[in-house]
Number of protein chains: 2
Amino acid sequence: LGVIPLGERFRDQLPLGDVGLVTLGEGSTPLLASPRLSERLGAEVWLKWEGANPTGSFKDRGMTVAVSRALADGAGAVVCASTGNTAASAAAYAARAGLAALILQPAGAVARGKIAQALATGARLVEIQGSFDETLSVASALAEQGTHVLVNSLNPLRLEGQKTAAFELVAELNGPPDVVALPYGGGGNACAYGQGFREAGAGLPNFVLGEAAVRAETAASAIRIGRPAHEKAATALVEASGGAVVPLSDAEILAAWRDLAHGEGLFCEPSSAAGVAALFRRPPPAGSRVVCIITGHGLKDPDAVARESTDVRSLPPDPKLVAEAVR
Amino acid sequence: LGVIPLGERFRDQLPLGDVGLVTLGEGSTPLLASPRLSERLGAEVWLKWEGANPTGSFKDRGMTVAVSRALADGAGAVVCASTGNTAASAAAYAARAGLAALILQPAGAVARGKIAQALATGARLVEIQGSFDETLSVASALAEQGTHVLVNSLNPLRLEGQKTAAFELVAELNGPPDVVALPYGGGGNACAYGQGFREAGAGLPNFVLGEAAVRAETAASAIRIGRPAHEKAATALVEASGGAVVPLSDAEILAAWRDLAHGEGLFCEPSSAAGVAALFRRPPPAGSRVVCIITGHGLKDPDAVARESTDVRSLPPDPKLVAEAVR
């Protein structure tokens, strides 16, 4: 019915057995041609639009698998340490499943706005007086006690679900692209794509990962991660694929974000443009086929727009005056 | 590739001829089962999740058709009078097409936040010192002068595109539902569904439209429309279908919005819940098949969440204390 949920479409390649799916219609996202980036980079550039997922980010691909399994295993609640997209996704899928969701947030880490989406779907939010690592430790401890299932990306079912985006690309392009460009926060998503391409038996594209040069303080909030949890595996993948990790200034990330919005009409989170920004610094081979993973919707971070917006003219309701003003 | 754009999927039923498509991957949205609403209403209830469209609302279905045609006809710019979802959609599709977008906004009508999405994709914004009707008159006058193509719903190509949602429902359910429930702002979307069901030759469901009882002042900003532009046609459709227009208090709309978020995990704009709220007042026949059209994403209106959110506990990083606090 409508979109086939990824847990159904790829059930044979996921550790789901025959469990009932907790789904909000995730996956099968648009793959958009990118004429302006193609011209600029001298390559065939595509955009995988993950902001179309139910809660507006790629996190939903993993959450449907993790929460389906948690429900089937008799869990009563899920827990995660997060302030952003993971929290929003965990809260929505838990609500869909009829489970409680507990979101642990490091004190003072992020503005309240970032957590609004999780609160809207009924999650319980607790602020932990400590670092992100301490917060994650509390979440893990609750999971070990058996009261909650951990749905951070330490839960391998998360990356299992996220690998399906690589399956989709192989199906859509009749093979893997030559280059895949991704934002690099914790590194889990890059690893999931690597796993997906390997399982598809279709060869490994070059992985080009854009990370914030000053990780802990970047304006690109979804990749504001000091210590990437999957650094070792992500680095190994990049090396095995002949790709690169590209450290970027905020100005470079925001310039790529503006290019996507003004040039292609695609409004994403600033962090989602990090893969594109990395390609500007490390151009793909001429004529190669490139996919940029656009990980989250621009509505996730309206503050980024507010910082950009310009003055607005105010005019009387006279078509002549308006026509003159905008000529 | 990925999602088939609605202009391609339904080209034979749209006034597009063989024009090139301006697409961001719109349409083919999820149709989600709604177990909790089904139980509560004693019917088979489905949710058509239009927030999955590229700019987060159903407006994209019409905008791809209107802007594709405008580009093919040699236009240089589009114009609309809007402060919300229409503006966001017009701006994104214009950027995608390489056209300029001019958004005219009645003075003091809406908060700046509502327009952030349009600004992000490079639209020009002008505030008009007058009412919405005066603002629309200016937009129409610019269109008559030939400098801009009007992409408000007065442009019939908009409703042509929006009718494709009815085609999808007929395909997904192997026939029309018995009841379709929609928010009622300007009335154009209801008319588009009516046209779609008629053209599908599949019989007309009962149309149940939820409108704000105090139209001009409702908190449900996307249906805050004093005078519905398509009132006559929408009323005729409701009567022909044996349905009803249900005036709702803001409390009823917000209660339905919370039910969708907490009960089904679906985070929509408050206005998008008006169809569901209408069903609570006018329950569907027992066992009938009902589709609620969920028109836009919750991230469109984060202020609604801010008004809801509760106190947050702050605790030291001690699993025992956290476990006790959330027990």
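I began with a pairing between chains: strand 5 (residues 124-128) of chain A and strand 11 (residues 313-315) of chain B run parallel, joined by three bridges. Strands here are DSSP runs (E, at least two residues) and helices likewise (H or I, at least four), numbered from the N terminus; two strands pair if DSSP finds at least two bridges between them. A:E127 has B:S314 as its bridge partner.

I noted that this is a predicted model, with local features needing pLDDT of at least 70 and side-chain atom pairs pLDDT 80 or more, while totals for chains, interfaces and linings use all residues. Residues count from 1 along each chain as written, chains are lettered from A and ligands numbered from 1 in written order, and side-chain values use heavy atoms, without hydrogens or water.

I then checked the interface. Contact (heavy atoms within 4.5 Å) takes in 73 residues from chain A and 73 residues from chain B. I found two salt bridges across it, a salt bridge being a side-chain nitrogen of Lys or Arg within 4 Å of a carboxyl oxygen of Asp or Glu. One of them joins B:R96 to A:E264, with the closest N and O atoms 3.2 Å apart.

Last, I traced an open sheet in chain A: six strands in the order 1-2-10-7-8-9, with mixed pairing. Strand 1 (31-33) and strand 9 (244-248) of chain A are its edges, each pairing on one side only. Strand 8 (residues 206-212) of chain A runs parallel to strand 9 of chain A over five bridges, and there A:L209 stands opposite A:V245.
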